[in-house]
Amino acid sequence: MEELNEMQPTNVNPEENVSNEELQPVAEQTPAANDANTINTNENAGETTPAAEAESKAEVTPAEDAPAASEPKTEEAPAVEAQAETEEPAAEPVVDYSAMTREELLAALEELMQEADVSKIRNRASAIRNQFNILNKDVEKQAFDAFLAEGGNKDDYKAQADSVAEAFFKLYDTFRARRQKMQEELEAQKQHNLEAKQQILEELRVLIDKDEETLKQTYDEFNAIQEKWKAIGEVPREQMNDLWQNYHFLIEQFFNKVKINKELRMLDLKRNLEQKIQLCERAEELIVETSVVKAFKALQDLRAQWREIGPVPAEQNEETWQRFNNAANQIDERRREYYDQRKEELDQNLLAKQALIEKAEELTATPPSSTKQWNDTTTGLDDLLKLWKSIGPVPREHNEEVWNKFKGIIDQFYADKKVFFSQRRDEHAENYHKKVDICLRAEAIAKREDWKNATEELLQLQEEWKTVGPTNYKLGDKLWHRFRKACDEFFAKKAEFYKDIRTSESENLTKKQAIIEELKAHTFGDDRNENLEAIKSFQRRWSEIGHVPRQDKERLQQEFRSLINSIFEKLKISAREAEENSFRERVRSHGESRGFVNSEKNTLLNKIDHLRADLSLWENNLGFLANSKQADLLKAEFEKKMQAARQQIALLEAKVRILDEAEKNKENE
């Protein structure tokens with residue numbers, strides 16, 4: 001076998017890495033001369049990026065065919081990327097979650113979790129978690145503020161169970177567990193790969209030390225070892241440099257040992273050329289790939305394959321490398337343009353959202369003074385929020401800032417709106433009570449027959465009605481009809497009285513006496529609604545009958561009213577029993593749970609306290625009413641209210657006793 005010429009060191013062309021910064025050329029690695037068992041490492045150089053495998057296969061030629069010093073060197077190999085693009089940020093789409101609710105964020109995370117490879121969703125999952133934490137803090141703060149607003153002591157506050165938060169954090173824990181498992185499996189695989197490559201190094205040492213067989217058989221074994229080396233994936237980063245240096249050194253030792261003949265070497269160079277031409281073609285296909293991210297990731301794979309392929313014939317080395325490098329540069333340029341465009345879009349989105357913030361500030365600059373203005377501003381802010389959601393994401397460093405500012409404007413507006421309408425409701429409630437009082441007085445006047453004085457007082461009430469402010473629309477409309485009805489009733493009675501005051505009194509007396517007898521004889525059934533309709537019918541018929549002789553009027557009215565009241569009393573007792581039975585069944589349907597019993601009991605006791613306070617107030621007011629016909633009418637109204645309140649208290653106390661029985665039964669179980 002012929003002596004080998006000294007190996008020519010390979011050159012390394014700089015390429016762009018993930019961050020688009022130029023890599024420094026990889027330092028040449030030269031094994032110690034004539035030492036087959038010594039591994040040459042640079043102990044003081046620190047961690048360096050390993051050269052491409054192509055460098056390890058430096059071209060070896062017989063002495064008589066060694067290239068002249070002026071000839072080009074064997075090959076330029078692409079520089080090794082600092083790290084495989086496993087963390088390429090563009091590989092995962094950027095999504096703006098700032099406008100989502102907690103429920104929408106939970107649904108978004110559930111959708112992401114359908115992805116089998118959690119490394120493809122980790123940035124979006126983290127963004128969802130950050131946004132959810134912001135919203136969850138708002139929910140917890142609102143619950144705490146509501147507790148304090150209801151009179152609670154902050155030291156007694158206990159956070160209530162939140163099904164949305166529990167579901168979200170449980171799902172996120174599952175994500176973290178899957179991610180941790182994937183990382184552990186990846187590290188374990190890297191360690192396994194390291195052991196496999198170390199085993200290959202041993203096989204290579206054995207091949208070097210073994211007595212030579214046929215040249216082809218030795219070279220076939222060498223090629224098999226190379227293929228096994230290429231098939232093994234990543235190893236731990238801290239082991240990579242030493243591993244590659246050992247591999248390069250042993251490769252060089254093998255070439256020194258076997259002294260491959262020129263013909264076999266040329267076959268190897270030709271095979272390498274064919275493989276690199278295929279890589280060039282695939283790289284050129286990536287130029288027209290629509291997805292920039294997909295093209296760049298595929299290019300990284302091609303670069304890794306290029307490094308694994310050995311040298312090509314010297315005369316085609318430069319041409320092949322330039323072809324591959326030109327395609328790679330175009331893909332890199334597209335990637336730079338993509339990120340430049342992406343940055344421009346994010347900046348434009350930021351400007352658009354800042355403009356919406358200014359518009360929101362303009363809308364809320366002047367506090368509305370009427371319901372229409374509040375509603376118009378609300379509509380305007382809703383439109384801005386919809387427009388906000390239609391705008392894409394902004395640069396990450398500004399995302400939280402602009403969203404919090406926009407959300408803060410909206411939150412403050414709705415807080416002010418709540419205060420405004422709360423005050424408006426208070427005013428409406430006060431006006432409502434004033435108009436109810438006017439209606440009561442008008443209804444009392446409508447029953448009187450001292451036409452002159454009653455007419456003057458009713459006209460005064462009409463003037464007083466005009467001075468009272470507005471109430472809730474629906475309630476105000478009902479009150480107006482009630483007041484109008486009392487007035488119409490009075491003036492209709494007055495007109496009828498003066499129209500035919502005597503001719504029909506005797507006939508009306510007979511009719512009303514007949515109604516009283518008919519009412520006494522009427523049998524009321526168990527259907528409460530039918531009973532009420534029957535009573536209403538009697539009362540309508542009674543009201544439709546005109547005047548009776550003055551000496552009989554009071555007697556008839558008292559007899560009819562007493563009869564109606566006695567019937568209502570009976571119906572109320574029946575209704576009370578039915579309501580007690582219904583409430584008892586409701587308690588049973590809840591399984592007599594302690595939480596339900598306590599909640600219902602507190603509600604009932606509060607209602608009893610309010611009714612007793614009203615009773616005390618009404619009883620006190622009765623003492624201030626002077627003896628007069630009008631005062632007697634007001635007393636009668638108060639007596640009705642007081643009687644109704646006492647009946648309601650009795651019913652509520654009966655329900656409390658039912659709850660006490662349920663609580664006692666629960667304790668005895």
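A: Let's start in helix H13, where Trp480 and Phe483 sit three residues apart, about one turn of the helix. Helices here are DSSP runs of H or I with at least four residues, numbered from the N terminus. Before going on: this is a predicted model, where local features need pLDDT of at least 70 and side-chain atom pairs count only at pLDDT 80 or more, while totals for chains, interfaces and linings use all residues. Residues are numbered from 1 along each chain as its sequence is written, and side-chain values use heavy atoms, leaving out hydrogens and water.

An α-helix has 3.6 residues a turn, so residues three or four places apart point the same way. That brings us to ring pairs: rings of Phe, Tyr and Trp (the six-membered ring for Trp) pair if their centres lie within 6.5 Å, and planes under 30 degrees apart count as stacked, over 60 as edge-to-face and the rest as tilted. By this rule the count comes to 23 aromatic pairs. One of them is Phe168 with Tyr172, stacked at 6.4 Å centre to centre and 10 degrees between the planes. These two are four residues apart in helix H4, which means about one helical turn separates Phe168 from Tyr172.

Trp480 comes out at 35% and so counts as partly exposed, whereas Phe483, at 2%, is buried. Phe168 and Tyr172 are both buried. Phe168 and Tyr172 also belong to a cluster linked by ring pairs, together with Phe132, Phe169 and Phe175.

Helix H4 itself covers residues 163-209: its 47 residues should span 69 Å at 1.5 Å a residue, and its end C-alpha atoms are 69 Å apart, so the two agree.

The largest pocket holds about 2,200 Å³. Its lining has 49 residues, and the closest to the pocket centre are Lys447, Glu489, Gln557, Arg561 and Lys640. A pocket is an open set of points on a 1 Å grid over the protein atoms alone, where a 1.4 Å probe fits, with protein on both sides within 12 Å along at least five of seven lines; lining residues have an atom within 4 Å of a point. Points are joined across faces, edges and corners, and the volume is the space filled by probe spheres set on them.

Our H13 (473-499) is among the helices that each supply at least two lining residues, alongside H11, H14, H15, H16 and H18. H16 gives the most, with 12 residues. By class, the lining has 13 nonpolar, 11 polar and 25 charged residues; Ala, Val, Leu, Ile, Met, Phe, Trp, Tyr, Cys and Pro count as nonpolar, Asp, Glu, Lys and Arg as charged, and the others, Gly among them, as polar.

One last stop in H16 is Glu580, which counts as buried at 17% relative accessibility. Glu580 lies 8.4 Å from Ile658, C-alpha to C-alpha, though 78 residues separate them in sequence.

Note on methods. The expected span of a helix is 1.5 Å times one less than its number of residues. Buried means under 20% relative accessible area, exposed over 50%, partly exposed in between (1.4 Å probe, protein chains only).
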